[in-house]
Amino acid sequence: YTIVGLCVLAAFVCYIDRVNISVAIIPMAEEYGWSETTKGFVLSSFFIGYMLFMAPSGWLANKLGGKIVLGVAVLWWSAFTFLTPMAATLGLTVLIIARIAMGLGEAAMFPSAYNLYGRWVPPDERSRAVSMMVGGIPLGTLFALLTTGWLVQNFGWQSVFYIFGGAGLLWCVLWFWLAHNDPASDPRCSAIERALLIKHAPEPKPDQEIPWKKMFATPAIWALIINHFCSNWVLYMLLAWLPSYFRSTLDLSLINAGIFSAAPWLSMFIIGNLGGVFADK
């Protein structure tokens with residue numbers, strides 16, 4: 001439960017740091033005189049790092065353990081969130097580099113967490129545990145959209161990155177104090193719990209050649225790829241541009257633009273967690 005709870009918090013921090021710029025970029029663009037195209041470059045640069053490090057982070061988690069990879073990842077992306085205002089003052093190029101670096105860190109979130117779940121969560125509880133962690137996505141999105149406008153209005157857009165980046169750094173303190181790679185290395189784990197979890201832990205396997213040709217010749221694989229591509233296209237377009245749309249087209253205040261943008265993720269949070277409960281049943 002400690003590992004699952006901390007992974008849910010990590011997903012929450014991951015998305016408050018990822019989403020806050022969707023609202024904060026409105027006053028940033030006004031201050032620096034950015035066009036809509038420039039805003040698009042800033043918003044999308046994150047995904048360059050995210051795409052590049054996704055597969056390597058899973059390999060690292062298997063080699064080094066999920067604890068160290070996830071801990072360093074949160075520390076890394078939180079530091080670059082905290083440094084975003086400084087990067088913006090140094091110029092557009094520096095800001096885009098900082099956003100790419102942040103994406104590198106966030107790419108390790110889910111691969112390293114799944115690595116830990118394989119050791120810490122019994123098979124009949126994994127659907128629920130995964131749904132709780134994935135529930136951190138809409139929960140973090142909701143929180144960021146509901147609070148960023150208020151923070152910007154009262155303390156300036158820079159405050160959002162300082163506060164949310166600082167939250168990730170506090171999470172790292174808890175993580176390195178409480179988390180362990182497996183039950184055998186955790187002194188707080190009781191003998192009964194350790195025996196139960198070790199019984200279900202995956203057996204270590206020698207390195208195997210990945211059957212890439214067979215995978216990409218399988219219709220089910222392509223169904224997953226196409227489905228994920230399409231859902232993410234809509235997800236991140238809405239995340240990035242809904243606040244700007246409500247602000248510029250409907251002339252809502254910054255706070256209300258964030259509130260109205262949060263509506264789709266409220267339903268996503270409710271439905272996602274119900275799905276995990278029913279999957280286990």
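Is Cys230 buried, partly exposed or exposed? Cys230 is partly exposed, with a relative accessible area of 42%; buried means under 20% relative accessible area, exposed over 50%, and partly exposed in between (1.4 Å probe, protein chains only).

The views below show a predicted model, in which local features need pLDDT of at least 70, side-chain atom pairs count only at pLDDT 80 or more, and totals for chains, interfaces and linings use all residues. Residues are numbered from 1 along each chain as its sequence is written, and side-chain values use heavy atoms, with hydrogens and water left out.

**View A. Cysteines and the search for disulfides.** The whole structure contains 0 disulfides, a disulfide being a pair of cysteine sulfur atoms within 2.5 Å. For Cys172, the nearest cysteine sulfur belongs to Cys14 and is 12 Å away. Cys172 is buried, at a relative accessible area of 6%.

**View B. The aromatic pair of Phe82 and Tyr162.** There are 19 aromatic pairs in the structure. Rings of Phe, Tyr and Trp (its six-membered ring) pair if their centres lie within 6.5 Å; planes under 30 degrees apart count as stacked, over 60 as edge-to-face and the rest as tilted. Phe82 and Tyr162 form a tilted pair, 5.1 Å centre to centre with 50° between the planes. This pair links distant parts of the chain, 80 residues apart: Phe82 lies in helix H3 (residues 66-82) and Tyr162 in helix H8 (residues 157-178). Helices (H or I, at least four residues) are DSSP runs, numbered from the N terminus. Phe82 is partly exposed at 36% relative accessibility, and Tyr162 is partly exposed at 38%.

**View C. The aromatic pair of Trp150 and Phe155.** The ring centres of Trp150 and Phe155 are 5.6 Å apart and the planes are at 70°, so this pair is edge-to-face. Trp150 is partly exposed, with a relative accessible area of 42%, whereas Phe155 is exposed at 54%.

**View D. Arg18 over the ring of Tyr15.** The charged end of Arg18 sits over the Tyr15 ring, 4.2 Å from the ring centre. A charge sits over a ring if NZ of Lys or CZ of Arg is within 6 Å of the ring centre and within 35 degrees of the ring normal.

**View E. Met28 and the largest nonpolar core.** The largest nonpolar core has 73 residues; such a core is a set of buried Ala, Val, Leu, Ile, Met, Phe, Trp, Tyr and Cys residues joined through side-chain atoms within 4.5 Å. Helix H1 (residues 2-32) gives the largest share of this core, 20 residues. Met28 is among the residues with the most contacts inside the core, with Met109, Met133 and Trp175.

Notes: Helices (H or I, at least four residues) and strands (E, at least two) are DSSP runs, numbered from the N terminus.
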